[in-house]
Amino acid sequence: MDDVDFRFMDFKDIVENLIVKDNSPSIPDAIDRLFTDIANINRESMAEIQDAQVEEMAVNLWNWAVTKRVAQIISEEQKAKLCHVACKLACMGEGSISSEKAIRRQILMTMKTGKVWVNVGNAMMADKFFQAAMASLEQLYVKLMQRSFTETQLTMQKIAVERDVFKVLSYQAESAVAQGDFQRASMFVLRCKDMLMRLPGMVKYLHSLCYNFGVETNKQNKYEESCFWLSQSYDIGKMDKNSVGPEMLAKVLQLLATAYLDWDDREYYDKAVNAINLANKEYLNPAGLFLMMKILLKGETADEGLLEAVLVILRLDMSLDFCLSIAKLLMDHERESVGFYFLKIICGHFKSSENIGRALLLHIDMLLKRDEELLAKEKIEEIIIGHQIGRRLTTELVGWLHNALWKKAAGSFEVQNYTDALDWYNYSLRLYASDQTDLDLAKLQRNMASCYLNLKQLDKAKEAVAEAERHDPANIFTQFYVFKIEILEGNSDRALQAITILENLLRDKETEDNDLRTDRSSHTMLFSLAAQFALENEQQIVAEKALEYLAQHSEDPQQFFIALKCLFRLALPKISQMLESENKKKEMDRLLACLNTALLKLAQPFDGETFTSDSRANEAHWFRKIAWNLAVQSDKNPVTMREFFVLSYKLSQFCPSDQVILIAQKTCLLMAAAVDLEQGRKASTNFEQTQLLNRALKQIHKCKDIWNILKETGDFSNDPCETLLLLYEFEIKAKMNDPSLDSFLESVWELPHLESKTFETIASLAMETPAHYPSIALKALKRALLLHKKKDSIDVLKYSKCMHNLINLSAPDGVSDAELCPLEEVFGYFEDALSLISHTASYPEMEILWLMIKSWNTGIFMYGRGKYVSAEKWCGLAFHFLDHLGSLKRSYETQMNVLYSELMEAVDKNKGSHFNEE
């Protein structure tokens, strides 16, 4: 078997596998494969297959395609492909001399395959099958002529063939229209039309086909072609009025008239008129009459002609709605005299109708649109009076009238003609007076209140607002007007109450409806308007509350920050003048909460178009300065001051980290740590103290990081930040008995730039309860004393204090702790002090006195312990200090000499037994 045979056998397998499947994902691929392969297969490639087998394959494939399409398993295009394949196979299997049965089957299959291709939009493919169908019909006709038939039988056979020719021609017309080939399409249809005398049963079919062509080409704006097809449709339809009724003929003529107008309303105006007149003769209906009026208006018919036409319409007993549509049509085409006259006639003609209100309302609408307000008001009065005495309008018409009245009122309000707006609103109110079930009554009262307020008629405005509140108290706009009334009356407490109620209502709405975003901006804008109104009327406290609520509810970042800035600009001058009090504390807490809200808003992601990164930084910069200033003003309340400094630091994190910002951050953290440390010192419980000290330590570590960055940006040698951080951290670790204290101090001892004051402070902190680190204190004081001595000019006062502390720590009770500091070392400190005293006259006398007494008491203590040599040495040292006393020397000299003589006698007596000192 060669390659060609193999390909066909593969094709045969695909067909056989396909037709046994009900539904499978592989069906689309199999169909596409068959459609592609059929072009490469001919009768020679399947020579070993008998005609009957090919025919069977074609019929089975055809039937499977039709069945599956009905079941919607395959698409219309897939059906077209399968019919295409089946039809090709059928034609291959018929042989060179086909039977009459085979020809008839070919005709059927080629016609239907071509039609399916037309339906799926492939007209060019369809044409090939239609041509094949025509060829088969000719072949069939020849065969029929060769057979022996009676005259009657032959006529019937010819008619059957001619009917199929008619169908093929109509299908070819469809294909030509789809391809935009008007000439071919019209040729095929005219041939069909010529055949209708012999095929009267096809009149309705061809009439509908032409009508559809007319509709399609009209949609494509091919008006000339559309007119041709619609004319043909009408002509063909007239041929059998039993199958095509007058209503359908009128419909065709109406569309034909419209097509003439769309084509060229000047050139083909008469044809349009003739078409619509003919349509109305065939079948009179509202659509035809309406179109007739449109055509007359297009042709600029004189008013007399239009009036005659509308009177004809009235005589035809058309409905009220239709007559009103004609009146509106006349008005829309600016034929007002005829339109208003017709409206007047309509009102008289339908005066007993329950729907007469529609005519009156249309009349009012037309008058209002043409600014005939006096006439319109007369009609409105007529309707309202009729509505009140029983000629009630439907709910729909009442609503329409309300809308018309409110629209006029709104127009007057916009141009600040508030009196005229009230006139229109009052008409609406009179309608409500007889039917107060509409919830929009509260809205009407609010609108009227707004007009009264603008007219400075406060009492009437109050009445309107009271009515609105009675009908709809939970409405935020009602509460807004309540607020405005209270502001105008100068009642700030009630105004605050109203704005609070308004805020509660808005919050409840947000809770109930998460999809409030569309209205939320308009609702929050009320707070902006409230703030503005309060300020205009010198109600600053109320304005601040409105701004606070605006910031809470606004989702627009720009609006949010503007509101908060306005609030701070109002509040800050007032706070700066307040004395320390509970009221000031409350105000500070409120501003603190507002700043926290600003911080949260800055942290939110925003749309880069409406709120850029630069905008965020600018806002953060503004608010961090405010927080800083408030912190400075809170010096009498350290806890509040700390909160403001921390907030200022957090806000500054949204600013670019330049030197200014880093300095501000460093200072904020340093101040916050200082407050926490001070609060920790005063804490009443260990738990509270630990919490405060830990928090301070965190601030210190953050501050250290910033300080390290800051030092790289310039010279900060005079900034005490590093020293303060060191002292703060040391104090915290000492008070918390931190095991890392020693390792922390190792780095401290190595620092070259620390001053004596720093070491003295470390010494003091090391001994401050609950800390107790005498060895650290002693080491720090020694370093401090050393620094004092290294200076070119010793500060005697500072030196004396440092020496005092060192000696007092080394020998607190007259005797030193040998482990902490040997007595010989302490004696050396006394000698150092004496040396300085000998060379300066500015050493404080009280310190000299203290050194004298301290050394004397140490000598007495040593005597008591039997250490007579040491006792003599220490007491002798005291006399050296005595020599440097000024006015106080006389007070101590005599007493000390007496005591010293007694001491020496005692020492001499005991020297024999106590010859050795340990």
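Student: Where is the place of E334?
Tutor: E334 is located in the loop between α15 and α16 (helices are DSSP runs of H or I with at least four residues, numbered from the N terminus). This is a predicted model, in which local features need pLDDT of at least 70 and side-chain atom pairs count only at pLDDT 80 or more, while totals for chains, interfaces and linings use all residues. Residues are numbered from 1 along each chain as its sequence is written, and side-chain values use heavy atoms, with hydrogens and water left out.

Student: And what is phi of E334?
Tutor: Phi of E334 is near 60 degrees. That is a positive value in a residue other than glycine.

Student: At what angle do the axes of α15 and α16 cross?
Tutor: The axes of α15 (residues 320-332) and α16 (residues 336-349) cross at roughly 160 degrees and come within 7 Å. Here axes are lines fitted to C-alpha atoms over the stretch in contact, and angles run from 0 to 180 degrees between N-to-C directions.

Student: Are α15 and α16 roughly parallel or antiparallel, then?
Tutor: α15 and α16 are therefore roughly antiparallel to each other (over 145 degrees; under 35 is roughly parallel, 65 to 115 roughly perpendicular, and the rest oblique).

Student: Which residues of α15 and α16 make the contact?
Tutor: From α15, L320, C323, L324, I326, A327, L330 and M331 take part. From α16, the residues are E336, V338, G339, F340, F342, L343 and I346. Contact means heavy atoms within 4.5 Å.

Student: How does the contact of α15 with α16 divide by class?
Tutor: The contact of α15 with α16 has twelve nonpolar, one polar and one charged residues. Nonpolar covers Ala, Val, Leu, Ile, Met, Phe, Trp, Tyr, Cys and Pro, charged covers Asp, Glu, Lys and Arg, and the others, Gly among them, are polar.

Student: Moving on: how do the axes of α39 and α40 cross?
Tutor: The axes of α39 (residues 845-864) and α40 (residues 868-882) cross at roughly 165 degrees and come within 7 Å. The two helices, α39 and α40, are therefore roughly antiparallel to each other.

Student: Which residues make the contact of α39 and α40?
Tutor: α39 contributes I848, L851, M852, S855, W856, T858, G859, I860, M862 and Y863. α40 contributes Y868, S870, A871, W874, C875, L877, A878, F879, F881 and L882.

Student: How many residues of the contact of α39 with α40 are charged?
Tutor: The contact of α39 with α40 has no charged residues. By class, there are 16 nonpolar and four polar residues in the contact of α39 with α40.

Student: What about α38 and α40: at what angle do they pack?
Tutor: α38 (residues 823-839) packs with α40 at an angle of about 20 degrees, and their axes are 11 Å apart. That makes α38 roughly parallel to α40.

Student: Which residues of α38 and α40 meet?
Tutor: In α38, L823, V826, F827, F830, L834 and I837 meet K873, W874, L877, H880 and F881 in α40. The residues of the contact of α38 with α40 comprise nine nonpolar, one polar and one charged.

Student: Another topic. Which residues does a cis peptide bond join?
Tutor: A cis peptide bond joins T769 and P770, with omega about 10 degrees.

Student: Where is P770 placed?
Tutor: P770 is in the loop between α35 (756-766) and α36 (774-790).
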